[in-house]
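Trainee: I have the model open and a few things to ask about it. Can we go through them one at a time?

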Amino acid sequence: MGLVAHSDHPAFRTMREEGVTLARRGDVSGSGPNHLSVGLLNLMPDAAIRATDRQFIRLVAAAADEFELWVYPFTVAAFSRGESARRHVSAFYSRFDDIQETGLDALIVTGANPAQHELEREAFWTELGEVLDWAQKETKSILCSCLATHAVLQKYRDTIRRRLPKKMWGVYQHEIVAAHPLLDGLSEPVEAPHSHWYDVTREDMEAVGLRVLIESDEAGVHMAVDEEDFYVFFQGHPEYDPVSLLKEYSRELGRYWRGERDDYPPMPTHYFDEDAIARLEEYRPVLEEAKTDRTQPPLLVEPDLMPKEPHVWNDQGKVIYRNWLRGIAGRKA
């Protein structure tokens with residue numbers, strides 16, 4: 001068993017190319033106690049929509065060897081997407097109307113790049129609320145990533161996220177602060193990337209009945225659950241690829257060069273090794289000169305900047321996701 005490649009979604013093709021064995025629609029029953037259907041509500045903008053699909057589908061697939069897992073990406077209609085992203089959505093995404101008709105066992109809601117200080121002013125706010133209202137009644141669990149966590153806490157707990165003085169950005173080590181079945185088999189320290197301007201603190205979460213499970217003195221709450229273990233909340237990103245923070249930093253350097261941000265972007269914390277830091281420090285005057293002269297800077301050579309130490313956050317995320325899927329299956333039984 002495992003993930004069912006029920007369409008030609010690029011994430012399925014990429015995983016096959018990486019050597020991952022996927023089940024085909026015709027080779028599985030499509031029902032039974034081990035059949036799980038999970039929706040993936042992708043709120044990311046065009047530039048990240050494909051990578052976000054791949055990251056979440058790959059992580060949940062790595063945890064699904066015990067199950068016949070069907071993942072259905074979908075999005076909301078509020079986005080003004082470009083032609084390429086519209087084609088992607090049209091070809092590979094389910095419609096929410098169809099999902100409501102067929103049903104889901106669980107839902108994953110991605111984060112999003114914040115465009116507004118007030119969450120309720122985001123273009124997707126109303127439609128996200130409609131999906132959440134439905135999923136609260138019709139699914140066994142909802143797993144929320146980053147901004148989705150903040151949205152749920154605001155909508156249902158009147159808890160407003162706080163803007164940080166600077167972006168929480170890098171790879172951080174966390175401690176398990178409460179025992180829970182979702183953490184069975186998980187070892188410490190728990191490593192995870194963070195990338196967010198807004199935050200909800202442990203104190204704010206506990207004030208509205210949430211139970212914090214994983215936390216860092218430096219980065220704050222990584223993972224929490226509600227009283228019924230229905231909601232699983234993340235502020236960190238166990239789904240990130242090893243290269244995700246590098247690509248994000250490269251985009252910020254591009255924004256600086258184009259004049260879209262005034263300050264030179266700081267490097268993500270605890271991510272680059274000493275060799276990469278030295279290369280990036282040598283690159284700074286080159287980029288600043290190109291910005292001044294309005295010339296094209298040389299491209300960064302990403303393989304030279306990749307951290308040499310093996311990352312573990314995907315493996316640790318797989319443990320949590322496997323326990324999550326087991327819990328969903330148990331609620332179906």
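Trainee: Tyr271 and Phe272: buried or exposed?
Mentor: Both are buried, where buried means under 20% relative accessible area, exposed over 50%, and partly exposed in between, with a 1.4 Å probe and protein chains only. Keep in mind that this is a predicted model, where local features need pLDDT of at least 70, side-chain atom pairs count only at pLDDT 80 or more, and totals for chains, interfaces and linings use all residues. Residues are numbered from 1 along each chain as its sequence is written, and side-chain values use heavy atoms, with hydrogens and water left out.

Trainee: How many aromatic pairs are there in the whole structure?
Mentor: The search finds 10. Rings of Phe, Tyr and Trp (its six-membered ring) pair if their centres lie within 6.5 Å; planes under 30 degrees apart count as stacked, over 60 as edge-to-face and the rest as tilted. Tyr271 and Phe272 have ring centres 4.9 Å apart and planes at 65°, so they pair edge-to-face.

Trainee: Which aromatic cluster has Tyr271 in it?
Mentor: One formed by Trp169, Tyr249, Tyr271 and Phe272. The ring of Trp169 also has the charged end of Lys167 over it, 4.8 Å from the ring centre. The criterion is NZ of Lys or CZ of Arg within 6 Å of the ring centre and within 35 degrees of the ring normal.

Trainee: And what sits over the ring of Tyr198?
Mentor: The charged end of Arg161, 3.6 Å from the centre of that ring.

Trainee: Back to Lys167 and Trp169. What does Ser195 touch?
Mentor: Leaving out residues up to four places away in sequence, its contacts (heavy atoms within 4.5 Å) include Lys167, Met168, Trp169, Cys146 and Glu248.

Trainee: Where is Ser195, and why does it count as buried?
Mentor: Ser195 lies in strand E8, residues 190-199. Its relative accessibility is 13%, so it counts as buried. Helices (H or I, at least four residues) and strands (E, at least two) are DSSP runs, numbered from the N terminus.

Trainee: Switching to Arg54. What does its side chain pair with?
Mentor: It makes a polar contact of 2.5 Å with the side chain of Asp241. Arg54 is in helix H2, residues 46-62, and is partly exposed at 21% relative accessibility.

Trainee: Last one: which residues touch the most other members of the largest nonpolar core?
Mentor: Leu3, Leu69, Met223, Tyr321, Trp324 and Leu325, in a core of 40 residues. Such a core is a set of buried Ala, Val, Leu, Ile, Met, Phe, Trp, Tyr and Cys residues joined through side-chain atoms within 4.5 Å. Helix H11, residues 313-332, supplies its largest share, 7 residues. Another core, of 34 residues, lies apart from it and includes Ile99 and Trp134.

Definitions and conventions. A polar contact is a pair of N or O atoms within 3.5 Å; within protein, one must be able to donate a hydrogen and the other to accept it, and residues adjacent in sequence count only if both atoms are side-chain atoms.
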